[in-house]
Amino acid sequence: MNENKGFIAYLKGDGLQKVIAVGCLVVLYIFFGIFGNHFLTFNTFVSILDSSYYIGFLAIGMTFIVITGGIDLSCGTVMVGSALIGGVAYKVWHFPILLCLLVVMLVALLFGYCNGVLVGKLNLPPFIATLGMQFISLGICSVIAKVQTQTYPSLKSADGWFKQIIYKYHNFPVGAIWLVIFFIIGWILLNKTILGRYTYAMGSNEDAVELSGIQTSRWKTYVYVVNGFFVGLAGIIYAATYSTITPQTGNGQEMYAIAACVIGGTSLAGGVGTISGTILGVFVISVLKTGLLSMGLPVQWQQVLIGVVVLLAVLVDVIRAQKAKRT
């Protein structure tokens, strides 16, 4: 009886959307397994993982932001822009590849800190602050690259070893290991640290947190820096995956990250969300993208169906919040 009550309480919280996400994942896998072309193969499974890496890192960082009640519209352009500057460091400045990857991380952290200052210290609305940073990152990174495409070393070159330890070793998806490692790190940060507790608290009632003597501006800045850290990881895995980085791109990738959070049960109203739910959302999106390709459908259908899934997830969250409010 207690177990049943506990499960019902779980469903009344953010658990319902997790259960729905798991159900969607199972249904999609079965559907594409029946109607897709060679969907139930190891190579397709690897393709699903491959399309999950950089979206996964973006989504983990985005989870922290959305739980505070904020949003980051710049993470897609910052991811590609930091990878672009890392490419400049390798191709133009002739830095060692390890130092280039460090440059990618530092650039993303810098943009994350700037977002944190704008939102936390200057009290700009997150939508406006990060929208502005989206354009700034597009422009600055393109200027530094002189609007030229940058390339990272190929797999067969002397410095191509970094792809094997970051992205894929032969056909083994090494990137999945890194995603698991940083999923655990993100989970620990959100659930076992003061930063995580304040993240939930600010999303639930920021005024109450401020009145209790906690300097929310500082902790909100830390949250955006954490997001910048995961965006930097996404930039590294993006560079390892695609090798060629084109200026003025990345816009739109943040929508996949937001969609993954929402599908996984993170409330856009703030105060509710989990890293595990976000990863479920990432795989729902990846299975959708890969499954539709296996059926030979155009890429545009990915966007349509992902949009439908996001709307349904938001609707579930709204219904849950309304029931909780009535209770």
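**Cavities and helix packing in the predicted model**

Helices H4 and H6 (126–144) each contribute at least two residues to the lining of the second largest cavity. The model is a predicted one. The volume of this second largest cavity is about 40 Å³. Its lining includes Thr 77, Val 80, Gly 81 and Leu 84. Ser 137, Leu 138, Cys 141 and Ser 142 also belong to the lining, as do Thr 246, Pro 247, Gln 248 and Thr 249. By class, the lining of the second largest cavity has five nonpolar residues, seven polar residues and no charged residue.

Two cavities of 30 Å³ or more were counted. The largest cavity has a volume of about 50 Å³. Three helices each supply at least two residues of its lining: H4 (75–91), H5 (97–121) and H10 (216–242). H5 provides the largest share, with four residues. The lining of the largest cavity includes Asp 72, Ser 74, Cys 75 and Val 78. Ala 108, Phe 111, Gly 112 and Asn 115 line the largest cavity too, together with Asn 227, Gly 228 and Val 231. Five of the lining residues are nonpolar, five are polar and one is charged.

H10 also packs against H3 (residues 53–67), at an angle of about 175 degrees and with the axes 8 Å apart. Angles over 145 degrees count as roughly antiparallel. H3 and H10 are therefore roughly antiparallel to each other. On the H3 side, the contact is formed by Tyr 53, Tyr 54, Phe 57, Leu 58, Ile 60, Gly 61, Met 62, Phe 64 and Ile 65. These residues meet Val 223, Tyr 224, Val 226, Asn 227, Phe 230, Val 231, Leu 233, Ala 234, Ile 237, Tyr 238 and Tyr 242 in H10. The contact of H3 with H10 comprises 18 nonpolar residues, two polar residues and no charged residue.

The angle between H3 and H11 is about 65 degrees, and their axes lie 8 Å apart. Their crossing is right-handed. H3 contributes Tyr 54, Ile 55, Leu 58, Ala 59, Met 62 and Thr 63 to the contact with H11. The H11 residues are Gln 253, Glu 254, Tyr 256, Ala 257, Ile 258, Ala 260 and Cys 261. By class, the contact of H3 with H11 has 10 nonpolar, two polar and one charged residues.

The crossing of H11 past H12 is right-handed. From H11, the contact involves Tyr 256, Ala 259, Ala 260, Cys 261 and Ile 263. From H12, Gly 277, Thr 278, Gly 281, Val 282, Val 284, Ile 285 and Lys 289 take part. Eight residues of the contact of H11 with H12 are nonpolar, three are polar and one is charged.

Terms used
Residues numbered from 1 in each chain as written. Predicted model: local features only at pLDDT ≥ 70, side-chain atom pairs only at ≥ 80, totals over all residues. Heavy atoms only, no water. Left-handed = near helix turned anticlockwise from the far one by under 90°. Contact = heavy atoms within 4.5 Å. Nonpolar A, V, L, I, M, F, W, Y, C, P; charged D, E, K, R; others polar. 1 Å grid on protein atoms, 1.4 Å probe; cavity = no way out; pocket = protein on both sides within 12 Å on 5 of 7 lines; lining within 4 Å. Points joined across faces, edges and corners; volume = space filled by probe spheres on them. Axes fitted to C-alpha atoms, helices over the stretch in contact; angles between N-to-C directions. Parallel < 35°, antiparallel > 145°, perpendicular 65-115°, else oblique.
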